[in-house]
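Reader: I'd like a close look at one part of this model, with the charged side chains as the way in. Could you walk me through it?

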Amino acid sequence: MNSNDLKRILLIEDDAKDVTLTLDAMKQYQLANDVMVTRDGEEGLDYLFRRGKFSGRTNGDPAVVLLDLKMPKVDGIEVLREMKAEAKLKTIPIVILTSSRESRDLDECYKLGVNAYVVKPVKFLDFIEAVKGLAVFWAIINEPPSSTLKKK
């Protein structure tokens, strides 16, 4: 696959180990060259809304957001809420990738319009396979909204 054909993935994750595992899994499918990583919900929102250090960002929006729930500053549910409230962002697919099995988190995410809710597998190989499957579907197979396409 040509790297110009890849769709951008935004990973909003505060756990450095999970970031590394996720990027390693994507590298196995040669997807990691188009992943933007932000380390908490506030930084993720800054990226999406082109604020702060991302105010000069000119590329299109991500084709999918992989979002952790339990993060400092701004949690994943608030990121989801703000994205779905913004007309320019609400069509971007959001996949919750979390360790939370709490039914209230699951229910709240679906009420807010999440596209998928994936509980991070505990076993290393299971985690790698889950991320690869997500990346292949959302970055290759799924057709994203036109707002996510790269601007030339």
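Which residues are linked in a network of salt bridges?

Author: E13, D18, D68 and K120 are linked in that network, a salt bridge being a side-chain nitrogen of Lys or Arg within 4 Å of a carboxyl oxygen of Asp or Glu. Before going on, note that this is a predicted model, where local features need pLDDT of at least 70, side-chain atom pairs count only at pLDDT 80 or more, and totals for chains, interfaces and linings use all residues. Residues are numbered from 1 along each chain as its sequence is written, and side-chain values use heavy atoms, with hydrogens and water left out.

By that salt-bridge rule, the count comes to 13. Side chains of opposite charge can pair when their charged atoms come close. One of the pairs is E42 with K73, at 3.7 Å from N to O. That pair links distant parts of the chain, 31 residues apart: E42 sits in helix α2 and K73 in the loop between β3 and α3. (Helices, H or I with at least four residues, and strands, E with at least two, are DSSP runs numbered from the N terminus.) K73 is exposed at 63% relative accessibility, while E42 is partly exposed at 37%; buried means under 20% relative accessible area, exposed over 50%, and partly exposed in between, with a 1.4 Å probe and protein chains only. K73 also has a positive phi of about 70 degrees, although it isn't a glycine.

R50 has a positive phi too, about 55 degrees, and isn't a glycine either. You'll find R50 in the loop between α2 and β3, partly exposed at 27%. R51 has a salt bridge to D46 at 3.0 Å, N to O, and R51 is partly exposed at 34%. Another pair is R104 with E102, at 2.9 Å; R104 is exposed at 61% and E102 partly exposed at 34%.

Within α3, residues 76–85, the buried ones are G76, I77, V79, L80, M83 and K84. Seen down the axis, they fall within an arc of 160 degrees, so they line one face of the helix; the arc is that of the directions from the helix axis to the C-beta atoms. Those buried residues pack against β1 (9–12), α2 (41–49), β3 (64–67), β4 (94–98) and α4 (103–112), where contact means heavy atoms within 4.5 Å.
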